[in-house]
Amino acid sequence: MALDMTPEQREVGTANYRKAVEHLGLDRRDFLKAGAVGTAAVGLSAAAAYFGYKSLQGNPVRTALIGCGDEGGVLAGEHNPDFLEIVAVSDIRPYNLKRIMTGDFKVALRKGLNKIYGEKAKAIKSYTDWRDILKDKSIEAVIIALPLHLHAPVAIECMKAGKHVLCEKLMARTISQCKDMIRAARENKVVLSIGHQRHYSMLYAHANEVIKSGILGDVKHIRALWHRNFSWPAVFNPDEWAVYFDGDKQKAQQVAGILEPKIRDGWFPPVVQGDVDGLEALAKERGVDLKKFLADCGYDSIEQLVRWRLYEKTGGGLMAELGSHQLDAASIFLNKAKPLSVQGVGTRSFFGPNRNPREIDDHVFVTFEFPGKNYAQDKNDIVVVTYSSISTNGFEAYGECLMGTRGTMIVEAEQNVMLYTEKDPTKKGDQRAMSIDVSSMKKDQPAADSSSTWGGPSAAPGTAKSGTAAAASGPISRGYREEMEDFAYCVRTWDASLGYEKDRDGKFRQRMPRCHGEIAMADAIIALTANLAMRERARIEFKPEWFDADKPDVPEQRA
Ligand SMILES: NC(=O)c1ccc[n+]([C@@H]2O[C@H](COP(=O)([O-])OP(=O)(O)OC[C@H]3O[C@@H](n4cnc5c(N)ncnc54)[C@H](O)[C@@H]3O)[C@@H](O)[C@H]2O)c1
């Protein structure tokens, strides 16, 4: 994330962050809160206490998963059956319907439902048409992990059928669709939550508290990036695919990879023969040809179904898939401020006709102006946020870097936070090797407490680790589990008679998911307007009406 940091400097940065966390008593406070509501006793992480949800007392929400691909697999692998009981799954690709049960050979997070439910997994219903789920009145909620263009139509149908919805990010393909989804949630009085997991990450929650404590001074710049190198030649490994052929590597070799990619590129997965055969069989079952079947499901071809991220019709490019996460983080750090303007450059400078072709850009670089804390009084108080996503160099990977008048914070790959102090001009020495002086933090914050222990309240056994504690002891929860637990808690405590009523202060009268429709729509507006700015090579100013679900104004139809 920072170009030239030595291991020692990284260590100093990590230690500085721990010091700030300890000074603010964040871990200790979570631990006490967790103890107070007994989360540890019922197997919940400290995150439950932090985010304010409780056990469902053996009454999990009966849930269907629609879309059993990569992300569906992560959500299935990470869900807590005490909160959500997955009783049905739906997909049109036979491999993925199988994979959701067996788990993944590549990613440990995708454990597979067989492992999670044991014998009970046999009772999980499997549908090739997601509409069948709507007929099952016993299903209370759905998780949607489909390609972007299907989020709104599927979510709206589910909400009309009375199902609560947790839909993956980006909320929708257009802002009009986001507004339709919010309306559908209100009219049908159901919970709508969107899967921007950083809203449920303890790492981000704690980093945000450190920022709010003032230790960085006045933050004037955020640099966010997500870089990967997709330029290597593809190596197709039949061993990896053997899992779909009951371990038969020879068969995998024969049938896999009919449209083998030329470049090793996560967004250009192979189209496997088994899927082609399965989709043809499904079309036959429904009495239509393959083309008509695919069109009914929202695609022009099988390739578009498998590589949906690369097409304008089905995806939203790098900003929707990656940038939305990090602009979400930036707006959390800036107290949910809405941006003022965006401009940028997007290019398709690497991939082309003979190199994993695509309709979307392979490099994006965008610059946002956000209002600073005193913007209302001083129009010069601007925070500049830059975001880049490139596909041909992975040196810096991904993260966010916040630059303030008194310090710099680096949040790296959702796993690690480093903090550096700005150098006092009267002092000598390497700024990146300086231990931070917690006494420079604001006076109204808790004083340093020698009894607070770094890494103290790690999560209860078998649960996700909390943000700061785990930075010291291994991978931490990125927030998926907590996001689903929180959603389930909202569903269980939901009072349909109140629906989306607000009180006099404009606050919802009942508990809403942390990333409810209006919050997620703001993330979609930021990502999709950046796409417009790059396409038009223009500077676009954000309009407050776009962020208002009650107003019809949207960036895609701006005057
Ligand atoms: N929150 C995160 O960190 C994160 C990470 C990755 C992906 N995502 C989001 O999750 C969603 C899914 O992404 P993915 O990587 O799993 O894609 P994927 O292509 O691996 O999975 C999509 C699945 O949907 C199925 N599908 C497509 N059309 C269907 C239809 N009409 N009916 C039933 N099933 C259908 C496909 O067969 C496939 O199995 C996207 O919106 C993506 O942005 C979120």
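Guide: Two strands are taken to pair if DSSP finds at least two bridges between them. In this predicted model, 8 strands form an open sheet with mixed pairing. Their order is S13-S12-S11-S7-S10-S9-S8-S14. Strand S13 (416-421) and strand S14 (540-541) stand at the edges, and each has a single partner strand, so one side of each is left without a neighbour in the sheet.

Helix H16 (residues 317-333) lies across S7, strand S9 (363-371), strand S10 (382-390) and S11, and runs at about 155° to S10. The loop between S8 and S9 holds Asn-356. Phi of Asn-356 is near 35°, a positive value in a residue other than glycine.

Two packed helices are described by the angle between their axes and the distance between the axes. Helix H8 (residues 151-160) and helix H9 (residues 175-188) pack at an angle of about 10°, their axes being 9 Å apart. Since angles under 35 degrees count as roughly parallel, H8 and H9 are therefore roughly parallel to each other. H8 contributes Ala-152, Ala-155, Ile-156, Met-159 and Lys-160 to the contact, while H9 contributes Gln-177, Asp-180, Met-181, Ala-184, Ala-185 and Asn-188. By class, the residues of this contact divide into 7 nonpolar, 2 polar and 2 charged. In the loop between strand S5 (164-168) and H9 lies Leu-170, which is joined to Lys-169 by a cis peptide bond with omega of about -20°.

There remains the ligand. Domain 2 (46-200) and domain 3 (238-264 + 270-306) both give residues to the shell around the ligand, so the ligand lies between them. Of the 26 residues around the ligand, Gly-69, Asp-70, Glu-71, Arg-93 and Glu-168 come nearest. Helix H4 (residues 70-78) gives the most to this shell, with 3 residues. The shell has 11 nonpolar, 8 polar and 7 charged residues.

Definitions and conventions
Residues numbered from 1 in each chain as written. Predicted model: local features only at pLDDT ≥ 70, side-chain atom pairs only at ≥ 80, totals over all residues. Near = placed C-beta within 6 Å. Helix = DSSP H or I, 4+ residues; strand = E, 2+ residues; numbered from the N terminus. Nonpolar A, V, L, I, M, F, W, Y, C, P; charged D, E, K, R; others polar. Domains from an automatic or database assignment. Axes fitted to C-alpha atoms, helices over the stretch in contact; angles between N-to-C directions. Parallel < 35°, antiparallel > 145°, perpendicular 65-115°, else oblique. Contact = placed C-beta atoms within 7 Å.
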